[in-house]
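Welcome! Here is a friendly briefing to read beside the sequence and the 3D view.

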Amino acid sequence: MKKTSLGLMLLGAVWGSTSLTGCPSSTSQVHKSTEASNTNTTTTNSSNTAVVTPSKRHKFVPLRKRLEPLPAGIQTLKVKKKQDDVLLYLYPKGVLSSKPLTGTPGKWKARFIPIKRHRSWFIRLEPEEGASLGIYTSVSLIMAVFNSAGGYATTSRFSVRFLLRRGDKETELFRTMLLARGQRYKYYGVNNREIATKTRLQKGDILIFRVVHRTGSSGAVGVGGVKVGLLGPRFMISKRQIGNFYQYTK
């Protein structure tokens, strides 16, 4: 009998404490603190209610996919709808221009390209509505190849590419290979290679000329060193077959 009375007294004490404090509900502070522990940041407004503010995520772009910064002296080229040719010359600091770079013949400014690296030249396009690039290309480079550290091979393979940057995306339009030999600057060129399709242009497009050093010894592109009207480092995209193209000035 005594054991039964003691059990009833304990049960009554537990029931009484529960009725006074109550069970945790879904709106109690316990639930709020659990939610806050799963969020990034928590602030408090005037009513002392927890407000969750998600932290800002930064988009990570792999190094190999990052776009090269534009050169300080980038120029703008107006492209007309009925324009047949886009002829551009290479300047030393990554700039393309429609005007030849004047200089003393043979006084080249070397733009060295180590193996597995590249050099790029840029120009901004301002096309008329409906303007497009042609499909026939002509490439002219002045190049030299230097001895490797061991003093051996003086032959290098280069990949020459045209690209179009629109917004944060680059599209390759054309690619060809050049094989350069010898430590003296020489002319290397290819004519009438074709781009697959015509490219419709938009305002703000960036045209890029890129030389990639694939294999071989240390190589360089020579920029400058010509007089106006003489053959120099340049490239051309045309809507007509170029043939034996040469620069003509009146």
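What follows is a short tour by topic, from the whole chain down to single residues.

This is a predicted model, in which local features need pLDDT of at least 70 and side-chain atom pairs count only at pLDDT 80 or more, while totals for chains, interfaces and linings use all residues. Residues are numbered from 1 along each chain as its sequence is written, and side-chain values use heavy atoms, with hydrogens and water left out.

**The whole protein**

- The secondary structure consists of two helices and 16 strands; helices (H or I, at least four residues) and strands (E, at least two) are DSSP runs numbered from the N terminus.
- The protein has 250 residues, of which 35% count as buried; buried means under 20% relative accessible area, exposed over 50% and partly exposed in between, with a 1.4 Å probe and protein chains only.
- Among contacts (heavy atoms within 4.5 Å) between residues at least 6 apart in sequence, 76% join residues at least 24 apart.

**Strand pairing**

- Two strands pair if DSSP finds at least two bridges between them.
- Strand S7 (residues 118-127) runs parallel to strand S3 (residues 76-79), and four bridges join the two. Thr 76 has Arg 124 of S7 as its bridge partner.
- S7 also pairs with strand S14 (residues 206-216), in the antiparallel sense and over seven bridges.
- Strands S10 (residues 155-166) and S11 (residues 169-181) form an antiparallel pair with twelve bridges, and Leu 179 in S11 is the bridge partner of Arg 157.
- The hairpin of S10 and S11 has two residues between the strands, and Gly 167 takes a positive phi near 70° there.

**The second largest pocket**

- A pocket is an open set of points on a 1 Å grid over the protein atoms alone, with protein on both sides within 12 Å along at least five of seven lines; a cavity is a set of points where a 1.4 Å probe fits but cannot get out, and lining residues have an atom within 4 Å of a point.
- About 170 Å³ of space lies in this pocket, where a volume is the space filled by probe spheres set on the points, and grid points are joined across faces, edges and corners.
- Its lining includes Glu 68, Lys 93, Gly 94, Arg 111, Ser 120 and Phe 122, and S7 gives the most to the lining, with four residues.
- The lining divides into four nonpolar, three polar and four charged residues. Ala, Val, Leu, Ile, Met, Phe, Trp, Tyr, Cys and Pro count as nonpolar, Asp, Glu, Lys and Arg as charged, and the others, Gly among them, as polar.

**The second largest cavity**

- Among the residues that line the second largest cavity are Val 79, Asp 84, Asp 85, Ser 132, Leu 133 and Ile 237.
- Strand S4 (85-90) and strand S8 (132-133) are the elements that give two or more residues to this lining.
- The cavity lining divides into four nonpolar, three polar and three charged residues.

**Ser 120**

- Ser 120 lies in strand S7 and counts as buried because its relative accessibility is 9%.
- Which side chains make polar contacts with the side chain of Ser 120? One is that of Glu 68, at 2.8 Å, and another is that of Arg 210, at 2.7 Å; a polar contact is a pair of N or O atoms within 3.5 Å, where within protein one must be able to donate a hydrogen and the other to accept it, and residues adjacent in sequence count only if both atoms are side-chain atoms.
- Ser 120 and Lys 93 are 27 residues apart in sequence, and their C-alpha atoms are 9.2 Å apart in space.

- His 213 has its place in strand S14 and counts as buried because its relative accessibility is 0%.
- The side chain of His 213 reaches the backbone oxygen of Ser 217 at 2.9 Å.
- Leaving out residues up to four places away in sequence, His 213 touches residues including Lys 116, Arg 157 and Phe 158.
- Lys 116 is found in the loop between strand S6 (109-113) and S7, and counts as exposed because its relative accessibility is 64%.
- Phi of Lys 116 is near 70°, a positive value in a residue other than glycine.
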